[in-house]
Amino acid sequence: MAFSGALTLSDLNDFISPSQACIKPVEVAKTSETQGSIKVDTSGSYYEVSQDGLETKLETATISLNDCLACSGCITSAESVLVTLQSQEEMYNILKQNKIAIETNDPSTHRTVVVSISPQTRASFAAKYNQTPIQVARKLTWFFKNLGVHSIFDTSFSRDLALLETGREFVDRYKKAIVKGVIKPPNMSADASATADSGDMDVDSAAKAPRKRIIRRGAANDEPAVAVETESAMPMLASACPGWICYAEKTHGYMLPYISETKSPQQIMGSMVKNHYGSQLGLKPDQIYHVCVMPCYDKKLEASRSDFYSDLYQTRDVDCVITSTEVEKMFGEQGMTDMAVFGEMDLDLGYNSVVKDATGHDQVLVGAAGNASGGFLEYVMQYAAKELFGVHGVDVDQGHGVQVKTVRNSDFREVTLELPTGEVLLKFAAAYGFRNIQNLVRKVKTGKSPYHFVEVMACPSGCINGGGQLKQDSSIPLKDWIVQVDHQYRNGVVARKPEENPVLAQLYQEWLGGVDTPKARQQLRTCYHAVEQNLVNPLAVKW
Amino acid sequence: MPRLEQLAELTGHEDRVWCAQWHPTKPILATCSGDKTVRIWQSTNPQDPTKWQCTNVLEGGHKRTIRSVAWSPDGRQLATGSFDATTGIWERDEDENGDFECVATLEGHENETKSIAWSKSGALLATCSRDKSVWIWEVEEDNDFECLSVLQEHTQDVKMVAWHPNEELLASASYDDTIKIWRDDDDDWYCADTLHGHDSTVWAIDFDPSGERLVSASADQTLKIWRRYHPGNPEGIITPRRGEPVWKCVATVAGQHDRCIYSVSWSKVHGVVASAGADNTIRLFEATPSTAGAASSDVIASTNEPGTLFDVHLLISVQSAHGTNDINSVAWYPNEEHGDWLASGGDDGSVRIWRFLKD
């Protein structure tokens, strides 16, 4: 199975291209049972001609995005659908509709438009247009407000919530996994090596078993013998990358219990905008049009999942995702190609990660520490070390309190928290790109994964190098470009722990009724669905 | 006159035979088939090469056709590539009854695995598939395998992968009519060269003993011989990528096979090239750098780039080698001991062992 075709990265070879042909059988409502013929007129329309000569115009069979998501075949067909469903065109339409609503004084068709911008997008523009991230944020605010957008937010804000929830979920899982015997507690005593922990292994019978009959796991496509329960599954795998989620659902169903149930920053922003922000303004979810600007095309697929759709209001938490590249296209369409001459506008208060500087005049960006894919590994390590083992002051970025090791290639890092005795307390990994995902999947499947938590990203180098990011000048090698964008991700952004976000406590209290309430689960957590392997239409198979 | 005489016909497979591979050191042959099994054949009497026995049938490891087999260089393991998209790793239990056991399954390809190959050191395994990708796996302890790279540059089905005889350099042949050369740059593998020239699917490739030449077999009914030119080569062939050798076609053998050529084997012992395909004929060629101006009358292929002449002589042609059936695989015995043996497998489900007599 493949990642979405939209994820294509130039000059990279770590990418599975989509199958060529859509295998989804198209269902067409037949008008009659009797045989007839098909006629094509000069305009290209199809007519069914029944035996008595009656002509019925035939509907064009269409494959919708939902068909594609439900199909285990390719998702290339999704691309064309995506372009029409979630594109800057669609956003223009809504803005135009708003103008008409105001001109005709018809508030019923007016929608409040909110745009949430990812920090990776900011970094991409900063690198390409030689700006600072705060300048980019201010200029994008100016740009979108001129188009008629009402509020512009920052997904680093919702990411603070995603990090807190992911950390909490991990600690819960770890404790349950210990209780259920899924993993063994580390030996905290000073003489760790001296204690032989035989656990539940029957040493005698294992020794007596004939050597030849040792069946090595992974030998014959075996699924895990015991059902894996989400609440105690180890390792816990980060959920923020939609390319990875899509791939796991379609080809590695048994991996799903391992995936964190915390929503991605994009979808938490969706919950906040449609529910909390909406209720504050007295708006129903369908009276808000929420656009996210992302480094990744697969975020469009994520936004259109049924889990994030409200049947009651017939609206999605995120109505439209546009990529950094598409925003750049919008610049051109508005006749403004030079970002240097854009106006600047103060960032909106609300869901923004911004503080006043010491002078009290200028705005300064803040955000969680950690790498440019969101810092999930860094935060969970720091939080779990403190919560589970009372180890304070862990800082993965600085290498404080943990061992950081690049394994095999630059897209696979291991981060280990050890006791002075060498006893491993926590072993985390970041696995980016298809090849490393393969190895992770393989390790988990064969029970050889030594990890407690893995930050999984489909793109090599992670989100900073997402498929929707701006393309560099062709004279700059990709590796150098990624370094530049990565630098911009942090440039002038003051590190702030998610716990220090002053609004979050208030949000939990006012909006969610506290931590770990049913409402908090509903708004901040999600679930995953394995896609059954469809019987492939033999006619569509290419040899 | 050189001859190719049939020593044995091995029957047992219940469907077409796709691939035959010699054990690296012993007179043992592994063959795989559309019947989803691998058969291991062993010579029963060293004095009488016409006596063979099927010692093992490897069953149950794959759900669909097994398309290719490959022995690890130490001969301890056998890899199988199947249309069920997986690669199986089999090991012989030497202590007990000599049964083969599937000790690992490599998953990852989206669909049919077409070919597999172990590197010379046995440290790397390459696989390729109809999903257009080439995967490189690192062999780890305890029958574990780590995916090092997923190479996506072919635009069509990849038919075959073959390692250089001495270096960690991989060649792949594809339905996109090209051959690609892959190398490692510490962090990942990259495509170091793309060989254009064939007008149709490249079905098979094999290196010569030195690894400086490569032969390719194509559905365009030709064989091509490619030579590697290093930077600063005395022939003055330009190497456009810094420090990177280029591969140039130095000979095209046309007008011999009159259908698709499916398999080619370049003897590591005596340098004779064997080829076979849909015209049911096994042909043996001798390829030599031509002595300028002294090309003899039986030269059937050469190119005229100055300094790159290469002559190919047809030695033997055996028609209807598998009756009226396609021949899918030919393989020379890999070492001196029986360097004159050639194995073939065809659509008739039979495996044949031949002896090459030079005069």
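Mentor: Let me begin with strand S13 (403-406) of chain A, which pairs with strand S14 (residues 412-418) of chain A in the antiparallel sense over 4 bridges; two strands pair if DSSP finds at least two bridges between them, and the elements themselves are DSSP runs numbered from the N terminus, with at least four residues (H or I) for a helix and at least two (E) for a strand. This is a predicted model, in which local features need pLDDT of at least 70 and side-chain atom pairs count only at pLDDT 80 or more, while totals for chains, interfaces and linings use all residues. Residues are numbered from 1 along each chain as its sequence is written, and chains are lettered from A and ligands numbered from 1 in the order in which they are written.

Within this pairing, A:Lys405 stands opposite A:Glu414 in S14(A). Both strands belong to an open sheet of 5 strands in chain A, with the order S6-S16-S15-S14-S13 and mixed pairing. S13(A) is one of its two edge strands, and the other is strand S6 (236-237) of chain A, each pairing on one side only. Helix H13 (residues 433-445) of chain A lies across S14, strand S15 (424-432) and strand S16 (453-457), and runs at about 140 degrees to S15(A). For such angles, the axes are lines fitted to C-alpha atoms, for helices over the stretch in contact, and the values run from 0 to 180 degrees between N-to-C directions.

The loop between helix H7 (203-208) and S6 of chain A holds A:Pro235. Most residues other than glycine have a negative phi, and most peptide bonds are trans.

Elsewhere in chain A, the axes of helix H6 (residues 155-179) and helix H9 (residues 265-281) come within 8 Å and cross at roughly 100 degrees. H6(A) and H9(A) are therefore roughly perpendicular to each other, a class that covers 65 to 115 degrees, whereas under 35 counts as roughly parallel, over 145 as roughly antiparallel and the rest as oblique. On the H6(A) side, A:Thr155, A:Ser158, A:Arg159, A:Leu161 and A:Ala162 meet A:Pro265, A:Gln266, A:Ile268, A:Met269 and A:Met272 of H9(A), where contact means C-beta atoms, placed from the backbone, within 7 Å. The residues of this contact divide into 6 nonpolar, 3 polar and 1 charged; Ala, Val, Leu, Ile, Met, Phe, Trp, Tyr, Cys and Pro count as nonpolar, Asp, Glu, Lys and Arg as charged, and the others, Gly among them, as polar.

A:Lys300, found in helix H10 (residues 298-303) of chain A, is buried, with 28 other C-beta atoms within 10 Å; the cut-offs are 20 or more for buried, 12 or fewer for exposed, and partly exposed in between. A:Lys300 also lies 7.6 Å from A:Ile322, C-alpha to C-alpha, although 22 residues separate them in sequence. Helix H15 (residues 502-511) of chain A, by contrast, is hardly covered, with 0 buried residues among its 10, and is followed by A:Gly513, whose phi is positive, near 70 degrees.

Chain B has 0 helices and 30 strands. Its C-alpha trace spans about 60 × 50 × 30 Å along the principal axes, and 52% of its 359 residues count as buried.

One open sheet of chain B has 4 strands in the order S1-S30-S29-S28, with antiparallel pairing. Its edge strands are S1 (3-10) and S28 (327-332), and its neighbouring strands are turned by 25 degrees against each other on average, direction ignored. S1(B) and strand S30 (residues 351-357) of chain B pair over 7 bridges, and B:Glu5 has B:Arg355 as its bridge partner in S30(B).

Two loop residues complete the picture. B:Lys132, in the loop between strand S11 (124-129) and strand S12 (134-139) of chain B, has a positive phi of about 75 degrees although it is not a glycine, and is buried, with 24 other C-beta atoms within 10 Å. B:Asn143, in the loop between S12 and strand S13 (145-151) of chain B, likewise is not a glycine and has a positive phi of about 55 degrees, but counts as partly exposed, with 16 C-beta neighbours inside 10 Å.

Technical notes
Two residues are in contact if their C-beta atoms, placed from the backbone, lie within 7 Å.
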